[in-house]
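Below is a short briefing on the strand arrangement and helix packing of one protein model.

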Amino acid sequence: MAEIRLRGPEAELENPTLVEGLPGVGLVGKIATDHLIEHLDMRYYASVHCAGLPRIGIYRGGERGVKPPVRLYVSEARDLFALRSDAPISAAAVEDIADCLTNWIVEQDVTPIYLSGLPADLDDEESRDLYGIATGDGEERLEEADIAVPPEDGVITGPTGALINSAARDDIDSLGLVVECNPQFPDPRAASVLLEEGIEPLAELEVDVEELVTSAEEIRAKREQLAQQMQAIAQEESSQAQPLRMYQ
């Protein structure tokens, strides 16, 4: 049974934005969202229980508490929600998760920002290009933030693709950020581009991303096990952006 279970007082936000951080190629969305949660000291708001999500408990070093793998965090001061996942999402769960989360997004009148990586042949020092897509009336916000239009046709797969599909199907306002990334390893540099060039102007935030760049090797090492789990999932199951010609 789908359920968003509150873990504290209900938040009162005026015009909330949600940053989605489900694991995908390069772990760009997860790294960006985890950094956002920690940097802004966001409050653990709710646990997400959708059909197909792994039934596992997550604990942290130095802490005794156990949490479900998919959780929502909130910052009332910044009108912001963040979706955090500490486990990969299987293909069998994608449709249920998209419906579960989309229903909550509509009920809460939230504008989601969906994050995806576009595999590219890049080294650590090369710049990553960022592109923006939208559903509903989201295009205007991308224009105001001066986020580039994708240069070629493409498709977003996995759970993030399913969420964008639901938004397009129901004409819900949503924003999508697609960043070039290294497909083989966690890519903190690409995550920093998502934050600095995409999420900051769209959500009207200021986030220090220097740590993501200067501590890239440490972050990559910490996320390597999850990245290996993502690579074990079939390519079509993992959230990523791809040129549309691959499907034609």
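Which residue in β8 is the bridge partner of Thr 17? The partner is Thr 111. The model is predicted, so local features need pLDDT of at least 70 and side-chain atom pairs count only at pLDDT 80 or more, while totals for chains, interfaces and linings use all residues. Residues are numbered from 1 along each chain as its sequence is written, and side-chain values use heavy atoms, with hydrogens and water left out.

**Sheet**
- Eight strands form an open sheet with mixed pairing, in the order β1-β3-β6-β7-β2-β8-β11-β9.
- β1 (3-6) and β9 (130-135) each have a single partner strand, so one side of each lacks a neighbour in the sheet.
- From one strand to the next, the twist averages 25 degrees.
- β2 (residues 17-21) pairs with β8 (residues 111-119) in the parallel sense over three bridges.
- Strands (E, at least two residues) and helices (H or I, at least four) are DSSP runs numbered from the N terminus, and two strands pair if DSSP finds at least two bridges between them.

**Helices on the sheet**
- Helix α2 (residues 94-108) touches β1, β2, β3 (43-49), β6 (70-75), β7 (80-85) and β8, and its direction makes about 55 degrees with that of β1.
- Helix α5 (residues 188-203) lies across β2, β7, β8, β9 and β11 (174-181), at about 155 degrees to β11.
- Contact means heavy atoms within 4.5 Å; axes are lines fitted to C-alpha atoms, for helices over the stretch in contact, and angles run from 0 to 180 degrees between N-to-C directions.

**Tyr 44**
- Tyr 44 is in strand β3.
- Leaving out residues up to four places away in sequence, Tyr 44 touches Arg 7, Lys 67, Pro 68, Arg 71, Leu 72 and Tyr 73.
- Tyr 44 and Tyr 73 are 29 residues apart in sequence, with a C-alpha to C-alpha distance of 4.5 Å.
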